[in-house]
Amino acid sequence: NMATYSAAVEACDLAYEFERAAEIEKEAFEVVDAPFDLTETQTSQEEDIIEPDAPKSYEIPGKGTRSSFAAADRFWGTFTSMGTKKALNEDRSDVRGAQQVPLGRPYAYFAVYDGHGGAGTSQWLKERLAGYIDKYWKIDNLEESIRKAFLKADEAILKPKGGIFGLGGERGVGGSLCGSCASLAILYKTLEGESMLLTANVGDSVVILKKSNSIKPRCITSLHTPDNHTEFERVSSLPNPNPSLPFIREKGGRLRLAGSLGLTRSFGDAYLKPTRLDLEPEEEVETLINKGRLRESPYTIKINWTKNSLPLEPSENVKDFGLTAEPEMKQIKLNGDEDWILVASNGLVKQNEGDLGLTFDEIDEIIERTLENSKGDANDQVASPQAICAALASEARLKGSSDDITLILVPLRPSKFIK
């Protein structure tokens, strides 16, 4: 029942030190004091580390040749606002940057994690996903390396907790019903010195880019919901042992995966993802079931063990609802005519009919209006990215958004924002 579920979520939150929620919320309003050092060379064998830890400490790069990117000067804004329907803000954000970075490596990282079913998964991503990106980053095969980082991170999130060898424990950080969307904007330079923007996302959070010569802002990320025709077809094409019960069906006036989740890609959400266990060759799942050490369920994959492999395809008699943390990615060359990047949770934006929030055009109008209203004001902070983020969140609330709202605004032409 709902009371039991709420109690479980609360217990998970406490286990992840969410008594510090006020401090975490406060972080969104403060400058990050310790930029992420993305220049460290990885010396460990890639296959030997399944879950790289987030960096234990950060060092501010020394003075010298610096990136021209404004975020190196910490000129960006972020804002978060808890929704009206929950007792906890489940969104998280992460900003990391470095001043001295070799060509081919990322120098700025902006991420928004839109959690659901608790904040366990989004908090885990805030603390660790950048470390996975850093570890697996390969400039010569960039999209595959980001894909691997996402899937490895999700594999770690889904590992069973407790029990002998993890057996018998509930799967998933924050519990089996806990999950998170993710939208990332990563800035790097190619080996030839060209400035690039890489976006990667799962779920319905967004990355928006506005060019100075463009009338309308452009949403770069894809929407991973059952309403997206491409996602609907992808999920519907999977083998279904019970065709009378489609994987995507309507509930509460919305299309939902398994009649439950309004997403088709996410981190976590273990209850909709097949079980994958790291076992010794002789410890096949079927053997464990026969020994009574593992209860068979419709979500159990009978796998052929492969050392440190990514999640394997399920056999035909096993339900795979198609929920995945595989990201969609885009790479865009930055030519210097870009105004800003906005990374935001879906509480800010209106993407479908019936959504409450701001359209992409309204977001652009509010940014321009806030800048215009600040002209002639003696206080430079009026036009700061921070103030603009607050204005956007406020306008979204006036439009009726009741969800958590988290956003990061990155000016790519700071002169437009500074008087």
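**Exercise 1**

Find what the side chain of Ser 183 reaches, then describe where Ser 183 sits.

*Solution.* Keep in mind that this is a predicted model.

Step 1. A polar atom of the Ser 183 side chain lies 3.0 Å from the backbone oxygen of Ser 205.

Step 2. Now look for the element: Ser 183 belongs to strand β6, which covers residues 179-189.

Step 3. Buried means under 20% relative accessible area. Ser 183 has a value of 0%, so it is buried.

Step 4. Set aside the neighbours within four places in sequence, and the contacts of Ser 183 include Phe 110, Ala 111, Val 112, Thr 221 and Val 343, as well as Ser 205 itself.

**Exercise 2**

Decide whether Ser 145 is buried or exposed, and list what surrounds it.

*Solution.* 

Step 1. Ser 145 is part of helix α4, residues 142-158.

Step 2. Its relative accessibility is 6%, and therefore Ser 145 counts as buried.

Step 3. Beyond the neighbours within four places in sequence, Ser 145 touches Tyr 136, Trp 137 and Lys 138.

Step 4. The Ser 145 side chain also reaches the backbone oxygen of Leu 142, at 2.6 Å.

**Exercise 3**

Work out which partners the side chain of Arg 92 has.

*Solution.* 

Step 1. Start with the location: Arg 92 is in strand β2 (residues 91-97), and with a relative accessible area of 4% it is buried.

Step 2. Another is the side chain of Gln 123, with which the Arg 92 side chain makes a polar contact at 2.7 Å.

**Exercise 4**

Describe how helices α7 and α8 pack.

*Solution.* 

Step 1. Two packed helices are described by the angle between their axes and the distance between the axes.

Step 2. For α7 (residues 360-373) and α8 (residues 385-398), the angle is about 130° and the axes are 10 Å apart.

Step 3. The two helices are therefore oblique to each other, and α7 passes α8 in a right-handed crossing.

Step 4. Among the residues that meet are Ile 363, Ile 367 and Arg 369 in α7, and Ile 388, Leu 392 and Glu 395 in α8. The residues of this contact divide into seven nonpolar, one polar and two charged.

Notes
Residues are numbered from 1 along each chain as its sequence is written. This is a predicted model: local features need pLDDT of at least 70, side-chain atom pairs count only at pLDDT 80 or more; totals for chains, interfaces and linings use all residues. Side-chain values use heavy atoms; hydrogens and water are left out. Helices (H or I, at least four residues) and strands (E, at least two) are DSSP runs, numbered from the N terminus. Buried means under 20% relative accessible area, exposed over 50%, partly exposed in between (1.4 Å probe, protein chains only). Contact means heavy atoms within 4.5 Å. A polar contact is a pair of N or O atoms within 3.5 Å; within protein, one must be able to donate a hydrogen and the other to accept it, and residues adjacent in sequence count only if both atoms are side-chain atoms. Axes are lines fitted to C-alpha atoms, for helices over the stretch in contact, and angles run from 0 to 180 degrees between N-to-C directions. Angles under 35 degrees count as roughly parallel, over 145 as roughly antiparallel, 65 to 115 as roughly perpendicular and the rest as oblique. A crossing is left-handed if the near helix is turned anticlockwise from the far one by less than a right angle, and right-handed if clockwise. Ala, Val, Leu, Ile, Met, Phe, Trp, Tyr, Cys and Pro count as nonpolar, Asp, Glu, Lys and Arg as charged, and the others, Gly among them, as polar.
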